[in-house]
Amino acid sequence: GGGESEEGGLDLTSFDDRDFYHSQLKEFIAARSAASNSAFLAGGGAGDDPAALALSAAALNRRKRAKRGGVDPKASKGRKLRYEPMPKLENFMFPQPGPAPPLNADDLFGSLFGKQSSRN
């Protein structure tokens with residue numbers, strides 16, 4: 001098994017708990033199927049009748065679909081843009097171009113490279 005080494009002895013570095021989890025899984029499945037059968041029978045089902053099982057499953061699916069009716073399926077995973085429209089601009093006017101400011105190239109390049117202005 002998983003707890004035995006290749007020499008046939010026990011491997012002390014690992015613990016084999018497969019049997020425990022196997023029994024837990026069997027109990028869980030048995031309890032789950034018993035609960036679903038009792039819920040089905042309490043809901044007016046017909047036991048093991050496959051046609052009745054199919055009809056009840058279809059009715060259950062219809063109820064589930066009716067519950068989520070208000071959800072937009074395209075709104076998830078970023079497939080739908082969410083935005084609020086902004087009101088249109090009113091009384092907007094572009095600025096009127098004025099006269100160009102005087103440009104002294106020596107002062108401009110001097111200020112870029114750390115030189116002092118020639119006016120001082």
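Biologist: How many helices and strands does the protein have?

Modeller: This is a predicted model, and in it the protein has three helices and zero strands. Along the sequence the pattern reads α-α-α.

Biologist: What makes the contact of aspartate 16 and arginine 18 a salt bridge?

Modeller: The cut-off is a side-chain nitrogen of Lys or Arg within 4 Å of a carboxyl oxygen of Asp or Glu. For aspartate 16 and arginine 18 the N to O distance is 3.5 Å, so the pair meets the definition of a salt bridge. A search of the whole structure finds one salt bridge.

Biologist: Why is aspartate 16 called partly exposed?

Modeller: Buried means under 20% relative accessible area and exposed means over 50%. Aspartate 16 has 36%, so it counts as partly exposed.

Biologist: And why is arginine 18 called exposed?

Modeller: Its relative accessible area is 51%, and exposed means over 50%. Arginine 18 is therefore exposed.

Biologist: How many aromatic pairs does a search of the whole structure find?

Modeller: The search finds two aromatic pairs. In one of them, the ring centres of phenylalanine 20 and tyrosine 21 lie 5.2 Å apart, with the planes at 70°. Rings pair if their centres lie within 6.5 Å, and planes over 60 degrees apart count as edge-to-face, so this pair is edge-to-face.

Biologist: What makes the pair of phenylalanine 92 and phenylalanine 94 edge-to-face?

Modeller: The angle between the planes is 75° and the distance is 5.3 Å centre to centre. With edge-to-face set at over 60 degrees, the name therefore applies. Both phenylalanine 92 and phenylalanine 94 are exposed.

Note on methods. Residues numbered from 1 in each chain as written. Predicted model: local features only at pLDDT ≥ 70, side-chain atom pairs only at ≥ 80, totals over all residues. Heavy atoms only, no water. Buried < 20%, exposed > 50% of the residue type's maximum accessible area, 1.4 Å probe, protein only. Phe/Tyr/Trp six-rings, centres within 6.5 Å; stacked < 30°, edge-to-face > 60°. Helix = DSSP H or I, 4+ residues; strand = E, 2+ residues; numbered from the N terminus.
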